[in-house]
Amino acid sequence: MAIPFEALLPYAVIVTFFGISGAGLLHVQRIQNGGKKGRRGVDRWDSVHLVMQRDRRLTGFLRGQTDKAAAPEGFEFNNAWRVEKRFS
Amino acid sequence: MASREARFHKQVLIDTTPLPDHIPKVKEIGASSAPLMSASFFIGARCRAYNDDYMQCKTEAHGTGEVDCMREGRKVTRCAASVIDDINKHCLQQFRAHWQCLEDNNQQMWNCRTAERPFNKCVFDNLKLEKVIPGTPPNVVPVHQRRKQIFADNDQSKDLVFPTTKAKTADTKATA
């Protein structure tokens with residue numbers, strides 16, 4: 001008993017549209033990361049406290065990278081101290 | 001009006017006061033995370049003594065190490081900067097290939113062995129710095145030199161390049 005192809009059309013539509021939205025989201029993620037793949041498994045030390053914030057201070061962009069030996073002018077003065085939350 | 005960034009608000013304080021003049025100045029390292037990750041083993045190879053010295057100083061300072069060990073800390077910074085500088089002078093192409101691969105692969109070393117091997121060879125030939133993974137047992141091939149890779153996101157088995165061994169065999173053939 002053959003299945004008529006009209007029965008499979010909805011599935012084709014579902015798969016196509018999921019595919020389109022998935023590819024679109026991937027593209028948006030790459031744009032957000034400066035054309036690179038996104039980071040994963042990133043902990044607070046990497047993203048919030050030190051590593052990527054230092055990249056941002058050096059390059060102006062969270063995913064920016066530079067391989068210069070010496071930091072740019074004023075780099076030692078733009079380090080932020082995190083302020084304690086106010087007691088209330 | 002808001003053309004400049006706020007220096008002090010409820011979340012951060014950016015202190016722009018320079019260090020007092022009696023503290024010698026040292027340029028901070030300009031390399032960001034992926035280049036530092038890529039160069040880390042060579043920094044360790046050249047600067048191990050300075051790094052150990054700094055850590056020992058901090059351990060023995062009992063909590064005031066950030067102030068008391070600034071002399072040792074400057075040596076650590078200068079040494080690491082010298083390694084980055086030398087790598088940029090001699091192996092810039094391989095260095096960039098490696099750290100750009102790392103940056104595109106979540107900064108995981110095992111996904112970039114193909115870019116790492118020429119880089120390791122170049123640094124060893126020019127700077128005489130060898131990548132040694134601390135704590136590797138002596139009877140085991142280090143993970144970056146294994147001929148077979150079990151896991152990587154990108155299939156790297158088809159272009160496993162071993163420039164060091166290949167160059168060696170070529171040399172022996174040439175001499176023989």
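Trainee: Where does UniProt place the feature "domain: CHCH" in chain B, and how far apart do the end C-alpha atoms of that span lie?

Mentor: The unreviewed UniProt entry puts "domain: CHCH" at residues 91-124 of chain B, and such annotations, given with shortened feature names in the numbering used here, may be inferred rather than shown by experiment. This is a predicted model, in which local features need pLDDT of at least 70 and side-chain atom pairs count only at pLDDT 80 or more, while totals for chains, interfaces and linings use all residues. Residues are numbered from 1 along each chain as its sequence is written, chains are lettered from A and ligands numbered from 1 in the order in which they are written, and side-chain values use heavy atoms, with hydrogens and water left out. With helices (H or I, at least four residues) and strands (E, at least two) taken as DSSP runs numbered from the N terminus, the span is 74% helix and 0% strand, and its end C-alpha atoms lie apart by 10 Å.

Trainee: Which kind of aromatic pair do Phe42(B) and Phe119(B) form?

Mentor: Rings of Phe, Tyr and Trp (its six-membered ring) pair if their centres lie within 6.5 Å, and planes under 30 degrees apart count as stacked, over 60 as edge-to-face and the rest as tilted. A search of the whole structure finds three aromatic pairs over all chains. In one of them, Phe42(B) and Phe119(B) have centres 5.3 Å apart and planes at 85°, and the pair is edge-to-face.

Trainee: Are Phe42(B) and Phe119(B) buried or exposed?

Mentor: Phe42(B) is in helix H1 (residues 33-61) and Phe119(B) in helix H5 (residues 113-127) of chain B, 77 residues apart. Together with Phe95(B), they form one aromatic cluster. By relative accessible area (under 20% is buried, over 50% exposed, in between partly exposed; 1.4 Å probe, protein chains only), both Phe42(B) and Phe119(B) are buried.

Trainee: How much area do chain A and chain B bury between them?

Mentor: Contact means heavy atoms within 4.5 Å, and 29 residues of chain A are in contact with 37 residues of chain B. Buried area is the accessible area (1.4 Å probe) that two parts lose on being put together, summed over both. Of the area buried here, 44% is on carbon and sulfur atoms, and the total is about 2,600 Å².

Trainee: Which residue of chain B meets Asp67(A) in a salt bridge?

Mentor: A salt bridge is a side-chain nitrogen of Lys or Arg within 4 Å of a carboxyl oxygen of Asp or Glu, and the rule finds four across the interface of chain A and chain B. At 2.8 Å, N to O, the partner of Asp67(A) is Arg96(B).

Trainee: How far from the ring centre of Phe41(B) does the charged end of Lys131(B) sit?

Mentor: Lys131(B), buried at 7% relative accessibility, also forms a salt bridge with Glu116(B), with the closest N and O atoms 2.6 Å apart. A charge sits over a ring if NZ of Lys or CZ of Arg is within 6 Å of the ring centre and within 35 degrees of the ring normal. For Lys131(B) over Phe41(B), the distance from the ring centre is 4.4 Å.
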